[in-house]
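Dear colleague,

I am passing this structure on to you, and below it you will find some notes on what turned up when I went through it. Please read them with the structure open beside you.

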There are 2 protein chains.
Amino acid sequence: MTNEEFRNFGHNMVDWMADYFQQIESLPVKAQVEPGEIYQQLPELPPEEAESFSQIFRDFQTKILKGITHWQHPNFFAYFPANNSYPSILGEMLTATLGAQCMIWETSPAAAELEQKVMEWMKQMMGLPAEFTGVIQDTASTATLCALLTARESATDFQSNKSGLDSKTKFTVYCSTQTHSSIDKAIKIAGIGSDQLRKIPVDRDFAMRPDALEKEIQTDIALGFHPLCVVASIGTTSSTAIDPVKKIGEICQKHRLWLHVDGAYAGTAMLLPEKRWIIEGLELADSYVFNPHKWMFTNFDCSAYYVKDESKLIRTFEILPEYLKTQVDKQVNNYRDWGIQLGRRFRALKLWFVIRSFGVKGLQKKIRHHIELSHYFLEAIQKHPEVELLAPTPLNLVCFRLKPSQLSSEEALTRLNATLMQKMNASGKVYLTHTKLNGIYTLRVAIGQTHVQKENVDQLLNLLWKTYEEIKSSLKLG
Amino acid sequence: MTNEEFRNFGHNMVDWMADYFQQIESLPVKAQVEPGEIYQQLPELPPEEAESFSQIFRDFQTKILKGITHWQHPNFFAYFPANNSYPSILGEMLTATLGAQCMIWETSPAAAELEQKVMEWMKQMMGLPAEFTGVIQDTASTATLCALLTARESATDFQSNKSGLDSKTKFTVYCSTQTHSSIDKAIKIAGIGSDQLRKIPVDRDFAMRPDALEKEIQTDIALGFHPLCVVASIGTTSSTAIDPVKKIGEICQKHRLWLHVDGAYAGTAMLLPEKRWIIEGLELADSYVFNPHKWMFTNFDCSAYYVKDESKLIRTFEILPEYLKTQVDKQVNNYRDWGIQLGRRFRALKLWFVIRSFGVKGLQKKIRHHIELSHYFLEAIQKHPEVELLAPTPLNLVCFRLKPSQLSSEEALTRLNATLMQKMNASGKVYLTHTKLNGIYTLRVAIGQTHVQKENVDQLLNLLWKTYEEIKSSLKLG
């Protein structure tokens, strides 16, 4: 491809991209394909000769696109959103073009220094503790693994890295029964083992019970274990439950445990002063993560990881082979030593574009709007006599199920709600997902897509009632 | 930003991007800024109000760009390249636009199935063992960590994940003295500890000595250690030395060790049948990684990780919380279980664009051209009486130093060559980096940037001789 062809195809692509967002509501939210359907259309052998880009792009449109679930569709209510936005996409275009490898300062000074700056900006925007220092990671899974490893190394005076984990020191880690699966993954990777993960009971709002945490830690100490770390969640995946950070932090201080706070999704709400009660006590935490790539309109991947003492993080990960030494190593942030990967993309750029394009007030307005829409949805379903709410809605996730008076067995209710969700998703008009809360099959509706409006929530409501009535009448429950 | 504004700015951006590549040779390769210079220009506080994108983009051009080291400049000879290409950038534009989260099949079926297909294509294109199964990781650091963790779990019947590492089982890991720093990082993360990493001596070509490996394994067994894994490198970072995979593989088979082969950079050369002697014996490996994001014109991040038995990989990492369960879990590849991160970008798209746009022959032609240019450079410097070659050039990396007859102390030679490199880099005309081989300060010239041509190599040669003569005359050595 010549430079001139690139320019032409680039312009075509931009038009396609702008059209995509204009027409996205005409596409099915969830891909309506069967397993293997996309794969079977693709040739078995790679092409020997160059193919024209027009043909490749046509194939993208005809063969690939139908297998894409449209995460940027305003009727995407599944999981948590993974939002992009126009300025973020423009940032990604430049990042891709520069193709700069941002492993150390010298390999891209502006990337390192812009990263430092935007991480400071976000601290200010969100009222995070002034003593925190930030670094961009790819995902919260990776950030949480970094936290656990730093806790492990701090507790062993950085000797586990050297001598290996000594299994005589029986480390234990604490999180609630609602905590994200990345903790399960991290404790395995770190060599501590999932048997040493204590899942602390929650209160009726699905928040970790500090009394139960305290008791479990004391039991472990009595049994000869070495309590290492607590992972508190602000905004659990199943229901955005908020663990009480301050109380948990005080317990961590008392027993000298590492406190990691996982705000992967809900952290963005700290843009709103009225929501900052959620992070009361965050200054007691040793590390904190939230993902601008979820609810802050910044393309995946962009996970903001903050630590109280960056020297511990660096000491956990630092390497210095000869081929990476530079003359300025003592004066700069070489972010390769702040995490697992050596190679790093220029991720600060899109975040800078987003913050400046929206402005803090613009970001706040969007987030407030999403929370309002969720309460609009919540009020609408609450009026229905057969809706059972299954968790509080502190932010913008609503957890509920339909419970017709004629059905009482849990199994039948699970079947009904699973069918309801599958039918709604199969319509292509909306996408929502499920979880289990107290063993109950629960529908989750997260209202936080960049462009979601009241009309989209109305479409969801209409489809919900219509599909529910259809199921009831097919079950002769109506 | 409205859709219409996005369209307009997108077109401006494409023109800027195409212009960037046209004018890139007028920019300094290595950013000519001091530590803190970029940071100091940026406002202390984030903007409250939205700013115009024109202003933001102007700031990018005036404040950020001068702090960027231009990895796509044809005179980039540093480290290893991290290449992009026009079709790859177009792929990234779509990936950013779709913003699809590719953690499981259901969240983007086309992404999962295209990933499976392109990984199969690359196997065929490169003559990799038919029994290998591939998955895209972000970096070779992560892939190598996955390999070590899978080795650890396989050797403990997946009990380390559960019970934690038992330090009575004293695992040892083997690599050469030349192996990449990611192995040092991975052995720490996995809880095995860097004391258990055996760095095996190399031969005069910097390749691992199988006899020394065998001896070390036997010594460890005799001392009660449990040899776990060997990491063989094809194309070390310092000098692209090629470890003898077949002989190492036979030793691994004999002692039942996991063999991981790190071809992060040089793996791309397997496109060339005449270079496949390098992977003779790769069928004895349990895992293999190479990075299309280095030398295969595909934007970072895109690391190709292959395993012989994917069930072991999956068993090492699998998690299945309720909120991620789908109806098709048994029929599809849910790649969240194939590595560390849950969230994943749609990285197969750019790779598919690159393979089809270049065609296998087009990729081969580029790689062959790079190797030829390296030999052109090699021949040119060999003619100079004061050039000392410091390693073989099996591919496209040349390792050398200048050694004027008047200087004999190693210290003086280090100073001279470091000064030579710094002066050349400070000119902004080229960028090269250094390493140490046998304790000798070594200049590295990697000739593999996407658009590098003979003229660029000639510019490098001219600058080398000119700068060398200047230094000699200032030292009164001329």
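Among the elements that line the second largest pocket, H14(A) contributes the most, with five residues. Please keep in mind that this is a predicted model, in which local features need pLDDT of at least 70 and side-chain atom pairs count only at pLDDT 80 or more, while totals for chains, interfaces and linings use all residues. Residues are numbered from 1 along each chain as its sequence is written, chains are lettered from A and ligands numbered from 1 in the order in which they are written, and side-chain values use heavy atoms, with hydrogens and water left out.

Helices (H or I, at least four residues) and strands (E, at least two) are DSSP runs, numbered from the N terminus. A pocket here is an open set of points, on a 1 Å grid over the protein atoms alone, where a 1.4 Å probe fits and with protein on both sides within 12 Å along at least five of seven lines; its lining residues have an atom within 4 Å of a point. Its volume is the space filled by probe spheres set on the points, which are joined across faces, edges and corners.

The second largest pocket has a volume of about 490 Å³, and of the 26 residues that line it, Lys30(A), Gln422(A), Glu106(B), Thr326(B) and Gln327(B) lie nearest its centre. Helix H14 (410-426) and strand S10 (433-437) of chain A each supply at least two residues of this lining, which divides into 14 nonpolar, seven polar and five charged residues (Ala, Val, Leu, Ile, Met, Phe, Trp, Tyr, Cys and Pro count as nonpolar, Asp, Glu, Lys and Arg as charged, and the others, Gly among them, as polar).

The largest pocket has a volume of about 620 Å³ and is lined by 28 residues, with Glu106(A), Thr326(A), Gln327(A), Val328(A) and Gln422(B) nearest its centre. The largest share of this lining, five residues, comes from H14(B), and by class the lining holds 14 nonpolar, seven polar and seven charged residues.

Chain A is divided into domain 1 (1-30 + 69-85 + 360-478) and domain 2 (100-345), with bounds that come from an automatic or database domain assignment. Their C-alpha centres lie 30 Å apart, and 29 residues of domain 1 are in contact (heavy atoms within 4.5 Å) with 27 residues of domain 2.

Val452(A), in the loop between strand S11 (440-446) and helix H15 (454-474), is buried, with a relative accessible area of 1% (buried means under 20%, exposed over 50% and partly exposed in between, with a 1.4 Å probe and protein chains only). Leaving aside neighbours within four places in sequence, the contacts of Val452(A) include Pro74(A), Phe77(A) and His369(A). Gln364(A), in helix H13 (residues 348-382), is also buried, at 13%.

In helix H4 of chain A, 13 of the 13 residues are buried, so H4(A) is largely enclosed by the rest of the structure. Just after H4(A), Gly99(A) takes a positive phi of about 50 degrees.

**Backbone details**

The peptide bond from Phe300(A) to Asp301(A) is cis, with omega near 5 degrees, and a cis peptide bond also joins Phe300(B) and Asp301(B), with omega about 5 degrees. Phe297(A), although not a glycine, has a positive phi of about 65 degrees, and this residue is buried, with a relative accessible area of 0%. Lys476(B), likewise not a glycine, has a positive phi of about 55 degrees, but Lys476(B) is exposed, at 75%.

With best regards
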